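This report describes one protein model for a reader who has not seen it before. Please look through the sequence and the structure first.

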Amino acid sequence: MSETRQIDYVSEIERMKAEKNAVILAHYYQTGDIQDIADFIGDSLALSQKAASTRADIILFAGVRFMAETAKILTPDKKVLLPDMNAGCSLADSCKASDFIKFIKDNPGRTVISYVNTTAEIKALSDIICTSSNAVKIIESLPEDEKIIFAPDRNLGNYILNETGRDIVIWPGSCHVHEEFSLEAILVFKKEYPEAKIIVHPECELPVRMVADFIGSTSALLKFTQKDDGKIYIVATEAGIIHQMKRSSPYKTYIPAPPKDSTCGCSECSFMKLITMVKIYNCLKNEKPEIFVDKDILEKAQKPIIKMMEISEKLGL
Ligand code: SF4
């Protein structure tokens, strides 16, 4: 039997967590087995709040790079680990700092609000960070005549613009998972299960949002399935969240919204799925790969994240 087979990864990870005073923060888009070993599971807002308040010496982030960077920015003295440095994000990659500097210059006099799904460099260029959980509320908390730049997700930006009616210039980025859902395939399921409710993440394109019974962040979609009296849901966000939906309401049925290309498995984020139990084990054992953020960028990026957390706290989010 190989050495790999002899390791009980779950108990070894538990042992190392205790020994090293480490916590595992996992995003809802991780696989179910990883969600089950995490100390805390959440969406970007909740994970940022948790990272900022933890007393652990080591934070192992089961998620993608911008999330681990956010944890490092909020806790520079802690060791932040990411089991696979290739766990990037197509949305964060769609907004490069050099292009964004020009975009800001071309649209002067605007408050720059960036989604948490950005690199540390973009955060450092922003006034306030937001997540899909708090974006609308944060923008509504600003004076009505405040002009805004929103980056990097064009679909979330368009959703916020429609919800708030504010003067917003939107960076044209997108997430390859949320843009891939097929309206036609969703409607085929809806025909087959007329009682099903279509629940949609705001990063999805407008035609998909238009058929939604409910639109919300990943955590809002989870809460909706917990409180709603429906029995079947067509879920248009990354399919990892269905693990938590099944855990809290096991008697309900959840259908992952199909992607446009039925052969690609695009309703799963390939970056999120790079994190595996074996990589978590090796990462905790070797305490690397470790996240480092340039000191100057870190200090600049801290301010808009803290601003988001302060506004969220004030609004009770
Ligand atoms: S689901 Fe989309 S936005 Fe989220 S990490 Fe994956 S690529 Fe980025």
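## Overall build

What percentage of the 317 residues in the protein do buried residues make up? Buried residues make up 54% of them, where buried means under 20% relative accessible area, exposed means over 50%, and partly exposed lies in between (1.4 Å probe, protein chains only).

The model is predicted, so local features need pLDDT of at least 70 and side-chain atom pairs count only at pLDDT 80 or more, while totals for chains, interfaces and linings use all residues. Residues are numbered from 1 along each chain as its sequence is written, and side-chain values use heavy atoms, with hydrogens and water left out.

The protein has 16 helices and 12 strands; these are DSSP runs numbered from the N terminus, with helices being H or I of at least four residues and strands E of at least two. Its radius of gyration is 20 Å, close to the 20 Å that the globule rule gives for 317 residues, so the protein is as compact as a globular protein of that length. The radius is taken over C-alpha atoms, and the rule is 2.2 Å times the number of residues to the power 0.38. The C-alpha trace spans about 60 × 55 × 35 Å along its principal axes. Of the contacts (heavy atoms within 4.5 Å) with a separation of 6 or more, 64% are between residues 24 or more positions apart.

## Ligand site

The residues that surround the ligand are Tyr 29, Val 64, Cys 89, Ser 90, Leu 91, Asn 117, Cys 175, His 176, Val 177, Glu 203, Cys 269 and Met 272.

Asp 93 belongs to helix α6 (residues 90-93) and counts as partly exposed at 42% relative accessibility.

Thr 75 is in the loop between α5 and β4 (79-81) and is buried at 6% relative accessibility. Beyond its neighbours within four places in sequence, Thr 75 is in contact with Ala 51, Ala 52, Ile 59 and Val 80.

Lys 50 lies in helix α4 (residues 44-53) and is partly exposed, at 34% relative accessible area. Not counting residues up to four places away in sequence, Lys 50 touches Leu 25 and Phe 40.

## Backbone details

Two cis peptide bonds can be described. One joins Ala 151 and Pro 152, with omega about -5 degrees; Pro 152 is in the loop between β7 (148-151) and α10 (154-164). Another joins Lys 288 and Pro 289, with omega about 5 degrees.

The loop between α15 (277-286) and α16 (295-314) holds Pro 289 and also Glu 287. Glu 287 is not a glycine, yet has a positive phi of about 55 degrees. Asn 21 has a positive phi near 50 degrees, and is in the loop between α2 (9-20) and β1 (22-27).

Technical notes:
Near = heavy atom within 4 Å.
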